[in-house]
Amino acid sequence: MVEITIEPMTRIEGHLAVKLDMRDGRVADAYAMGTLWRGLERVVIGRDPRDAPIILSRICGVCHGVHRQTSVLAIEHACMGEGYHPPDNAVRIRNIIEGIQETWDHAAHLTVLAGPDYAVYGLAGKRCPGLRQPPWAPPASGKPASTSAPCLEIDVDRYYQLLHSAILPTQKLAHEAMAILGGKVPHHMTALPGGVTVVPTPADVALAYAKMRDVNTTIHAVYDYVWNDFVPHLKEEHPDVLEALLNIGIGVRNFLAYGVCPDPDRGYAKFLEGGALFNYPANTTPEPVDLEEIEECVKYSWYTDVSGGKVSREPPPEPYYGKPGAYSWAKAPRYKGKPCEVGPLARMLINRKYTPLSPHGASVLDRTLARLEELKLYADAVLDWILNLGAHLKEPVYDEAFKIKDGEGFGTWEPPRGALLHYIKISGGKTAAYQCVVPTTWNISPRGPMGERGPIEEALIGTPVPYNAEAGYYDVISPVRIVRSFDPCLACSIHLMTPDGRLQKASVTPTPP
Amino acid sequence: MRLSRREFLKTVALFGAAAAVEAYKPAIVEALESAAQGEVPVAWIQGAGCTGCTISLLQTSDPDLVEAITWFRLNLMFHPNVMMEPQHDPRGALKMLEAFPEGGYLIVEGAVPRGSYCMIGSREDGTPITFEDWLDKLGRRASAVLAFGTCASYGGIPSGYPNPTGCRGVRDLFRERGIATPVVNVPGCPPHPDWMLLTVALAVLGHADWILDSLDEYGRPSWFYPDYIHNLCPRRQFFDNLKIAERPGEPELKCLWMIGCRGPVTKADCPIRKWNGGVNFCISANAPCIGCVEPSFPGKEPSPKGFYQHVANPNVGSPKVFAQPFQLDLKSMAESSRASPASLSALSPMGTLALAGLGVGLAALMVKARSRRAKEVEGSG
């Protein structure tokens, strides 16, 4: 058997290596390993609980706003109990920040991070006969294409031109709109337990609206181009390529979401509802989520077997490097004992807002297109939310009755990458315990108690990885596309550490079969 | 693309960056005009960080990142998030990093944890390469290291008490290992894109020495960290007029000093430069400054003061109009305010009536706020 190690994975957040066991030119087994630990949950212990959102926002600089938000929710739950809501305007402002965060994050992922893998869905790829070029496409550089589907092959010159002419200015506009309500971005500064600090003026609202209106126009143009031109082009001109993309990266087909953005004007109904959806597409009915059913397993993680368990009762993990059979520092979260995929595909399927192209119900391309679908959804909704805020500007943004009290609480939210849970225990007015179960831990989890693979590992199985004799290496573009389609964020997923942990990795330089 | 004198001056003007660079303009233009034909290699590596500094850099405008790369002849050979590695080669990214040449500029984002807490890739024999080893190897080759963000500068967020992974800044590692390569700290969580881009620009234009000459006691280019935020703050007048917020989210514009603002102990030009295309900055969004550019961020001693807890500080009592720093002894002033105004002149080096008036007002405010705070703490117990 041949082993291939892809390291470091680039254009994802954080430090990740992926090991593939190959048999007959296909991936027979897969292991995903994170290579950075920071221990941020330890840093908040013993501090004022209101510091936790500020410090834990720094778990990730890409989806920064969401950890602050979720931490704030956990503290509000711990101090004020179930069903507490800060003033309506605070909720509205937090929702707008979340909406802009999702819009920015998905757009950045689809262009800067995953985009080059698909040549931004043709937007910056080599000119392909029969494909209408969008108005923003830079001129083709004229270099010959090396694959049968040149529209999927990155043209670096064009890509940089597009980066300059469209991608960078658009993402910047979104972040400017967010900074109007957040002070600065990344790591916005205004959400805190009990509400938000910022008191927007009519001018602020108008400016944020204008900026997001621009962003929205661009997103609609891209969305229309992908569905009206690019996907039909793939279907007609490159059916073999399309079929390949719909048959890899299928994964576990269990989906989980907690729901996000309660709307104060609709009785706090969530913008996207949560749910657990098992065995899709055979079963299409999601069931409600019970947080008590979430468990973290450590059988294949380098922690002693007493570590792990239910989130609120979990002891601090006891590292045990060299545990027989273990291979990862990430724990394996399971819902009702099952590995679950989280993220835009999960949310869109649970809310019935996306119909997969693949007959398997999921694929590397569906994961990416579901993200585009959600991007448009948020880009539209956030405009309404900003206008609605403009109609309520006189209302308070901070609850004076909010006080830090001892207790324990959960915060759940849906960052761009999927279901996020924060747990806090406050005693003596200080943070006594903290746990985060973050989206990428679900997706990148190692094997669970029954030996079943985590979602990314499962999605890699069976992927063809041809040997390129001329270049002298295995062509790993397909596994890389699959890993990136989950938009992994490693800084989030491995936030725990060991005192003297060493990662030893059996990396074998690939040899020709 | 080569940058003309006019284009460059426009760039500098748009940056607004330098009252500092203003003085050097002729020299910069001269440097540009005689700029070497070849590109200057720059590699950007990440340690224990969150990628926030990279995202902040993407927010730059005039020039944007792509313009900067072409204008400043910057060859960004390795960047974990934006690079176009040879996409089909499993070790392609690593090969590009290994090719970092002598004399290039190394940009570091993220703190330096001890040993195997952070690893990037592995050697041919399979042993992992620690981030420390990469810094050692590439740092010795580099002509200067630019430490972007508070983590790379001083350890930052992951070095907060109890510093679980032994994080510290690049300078600390170089001191431990006797590496002489100069290090420029550009702290901030994240740093402003202008601070980062202008520092890179000057370095690749061959003027690293200007930056090195400008460094303050914490290794930062003093252009970007010129004075206490409190002294530059657009809300300074509310402090001077004693309109001071007592809780977060007050609808009126007020000074945030009593709800934890670190402006009086934090040096940066945020209030002037502002963030995200100049639309806002923390205090203008009514959010107290958290002092994210300072070496002590986010609190390295046990039980650090919370970010929303008031920090008493001498800087707050030295309004810029007075030549000498004036230590405000609030306790005795509070007592003296009840006694006779005459005793105030003995406390104050200046002893002016105006100052006495301010002092009495402040002291009264402090006493009021403290007793209220004490009540709050009891209430929240």
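Two strands pair if DSSP finds at least two bridges between them. In this predicted model, strand 12 (residues 420-427) and strand 13 (residues 430-437) of chain A are joined by seven bridges and run antiparallel.

## A hairpin and its sheet in chain A

Strands 12 and 13 of chain A form a hairpin with two residues between the strands, where A:Gly428 takes a positive phi near 65°. Two residue positions show how the strands line up. A:Ile426 has A:Thr431 of strand 13 as its bridge partner, and A:Ser427 stands opposite A:Lys430 of strand 13.

## Nonpolar cores

The largest nonpolar core has 180 residues, and those touching the most other members are A:Leu20, A:Met212, A:Phe255, A:Leu460 and B:Trp195. Helix 9 (residues 364-390) of chain A gives the most to this core, with 14 residues. From chain B, the core draws at least three residues from each of domain 1 (19-214) and domain 2 (227-321).

Leaving aside neighbours within four places in sequence, A:Phe255 is in contact with residues including A:Gly275, A:Leu277, A:Tyr280, A:Cys340, A:Leu345, A:Ile350 and A:Ala362. Among its other contacts are A:Glu341 and A:Leu349.

Apart from the core of 180 residues lies another core, of 24 residues, among them B:Val112, B:Trp134, B:Phe174 and B:Ile179.

## Chain B as a whole

The secondary structure of chain B consists of 16 helices and seven strands. The table gives some overall values for this chain.

| Property of chain B | Value |
|---|---|
| Buried part of the 381 residues | 61% |
| Contacts joining residues at least 24 apart, among those between residues at least 6 apart in sequence | 72% |
| Accessible surface | about 14400 Å² |
| Part of the accessible surface belonging to carbon and sulfur atoms | 55% |

A residue counts as buried when its relative accessible area is under 20%, and 61% of the residues of chain B are counted in this way.

Key:
Residues numbered from 1 in each chain as written. Chains lettered and ligands numbered in written order. Predicted model: local features only at pLDDT ≥ 70, side-chain atom pairs only at ≥ 80, totals over all residues. Heavy atoms only, no water. Helix = DSSP H or I, 4+ residues; strand = E, 2+ residues; numbered from the N terminus. Buried < 20%, exposed > 50% of the residue type's maximum accessible area, 1.4 Å probe, protein only. Contact = heavy atoms within 4.5 Å. Areas by Shrake-Rupley, 256 points an atom, 1.4 Å probe, with all protein chains shown as cover. Core = buried A, V, L, I, M, F, W, Y, C linked by side-chain atoms within 4.5 Å. Domains from an automatic or database assignment.
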